[in-house]
Amino acid sequence: MKAAIFKGKGRIVVEERPKPEVDAPTDAIVRVVLACVCGSDLWFYRGISDLAHGGVGHEFIGVVDSVGADVSTVKAGDFVIAPFAYSDGTCENCENGFQTACLHGGFFGQGGDGDGGQAEFVRVPHADGTLVPVPGTGFSDETLASLLALTDVMATGFHAAVSAEVEAGDTVAVVGDGAVGLSGVLAARMVGAKRIIVLGSTHEDRHALAREWGATDIIDVRGGAAVQALMDLTGGYGADAVLECVGTAASVKTAFAIARPGSIVGRVGVPHDVALDAEGTFYRNVGMRGGPAPARAYQPELLRAVLAGEINPGRVFDLTVDLDDIAEGYAAMDERRSIKALVKVSDLEESA
Ligand SMILES: [Zn+2]
Ligand SMILES: [Zn+2]
């Protein structure tokens, strides 16, 4: 089979690899229909974080190809979505809704010899706890893209809103207008935010999607000027809830500076070289929650919302490439020519 292989900074190559096989009786093999490139893939692509050379990609949807003897909730031929982490669904962390901390779980696409989702086939451990079957047939390309968005980006934006305890009527600030920040806007609207203020870039296309998804105000300056702009919009109080969707030192600093006393910063941007201001947040009673989104916990509700036509998170994809051309997807995102790249791997109906 073909698989995208990380070979060092700036190098993604599609190579032939052995097709994965059921190893443990709880495994499933999934034929990938769509995959995509994640903003977090850029950290290793840019050489900022280390990753063993090998299979990558943790966002994919596809059709079950085969299952181990102990798998009971999915069968060959089922169309499924996967979260970016696999989990058994039975340990106490899973039962508490934090499947990304599953005692027997892990993350897809960690390089080395492990499986990645940017490939024609992927081995899914703990298939019963991990995979979510999608009911129905005859999906449009738009719906498929939205289902793909549930594997990480939309679930992550939703987790930011849940972590920040967004409530109906809130004024919500979203730091970042990348794919996750935009998804955070959509999530805040789903939860009933009254006002959604985006602190982002100067990219007009991102502003347009943010406004379509419910953003009421957009601040496109940075640092102290952004903090001042938000304070001006909120009568000097700050936001009722803040979604930190970037993870840089500057964005985290801004997030805490614009949080109203007593509010919570919901953070889903993977922190890189971030130092938290323990004293400043202490005196303003500002809390912090968040981390890797337990996408699996949110997928049933988000799947229902996509299939009902209530949300269209697949709109974050503004570039489509074939698996053979996935290097262009990485490059376009790295150069900010694309918000998020969708990777076509195979046809959904192939096995029907
Ligand atoms: Zn991701
Ligand atoms: Zn578990």
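**Exercise 1.** Determine whether C94 is buried or exposed.

*Solution.* With a relative accessible area of 5%, C94 is buried, where buried means under 20% relative accessible area, exposed over 50% and partly exposed in between (1.4 Å probe, protein chains only). C102, at a relative accessible area of 9%, is buried by this criterion. The model is predicted, so that local features need pLDDT of at least 70 and side-chain atom pairs count only at pLDDT 80 or more, while totals for chains, interfaces and linings use all residues. Residues are numbered from 1 along each chain as its sequence is written, chains are lettered from A and ligands numbered from 1 in the order in which they are written, and side-chain values use heavy atoms, with hydrogens and water left out.

**Exercise 2.** Find which protein donors surround the zinc ion (ligand 2), and state their arrangement.

*Solution.* Donors are N, O and S atoms within 2.8 Å of the metal (3.2 Å for Na, K and Ca), and because water is not among the atoms, sites may look incomplete. The protein donors are D88 (OD), C91 (SG), C94 (SG) and C102 (SG), which lie 2.1 to 2.3 Å from the zinc ion (ligand 2). Along the chain they follow the spacing D-x2-C-x2-C-x7-C. The four donor atoms subtend angles of 91 to 125 degrees, which makes the arrangement tetrahedral, a term for four donors with all angles between 85 and 135 degrees.

**Exercise 3.** Identify the residues that coordinate the zinc ion (ligand 1).

*Solution.* C38 (SG), H58 (NE2), E59 (OE) and D152 (OD) coordinate the zinc ion (ligand 1) at 1.8 to 2.2 Å. The site is tetrahedral, with angles of 95 to 127 degrees among its four donor atoms. Both H58 and D152 are buried.

Conventions:
Four donors count as tetrahedral if all angles lie between 85 and 135 degrees; four count as square planar and six as octahedral if opposite donors are over 155 degrees apart and all others between 65 and 115; anything else is irregular.
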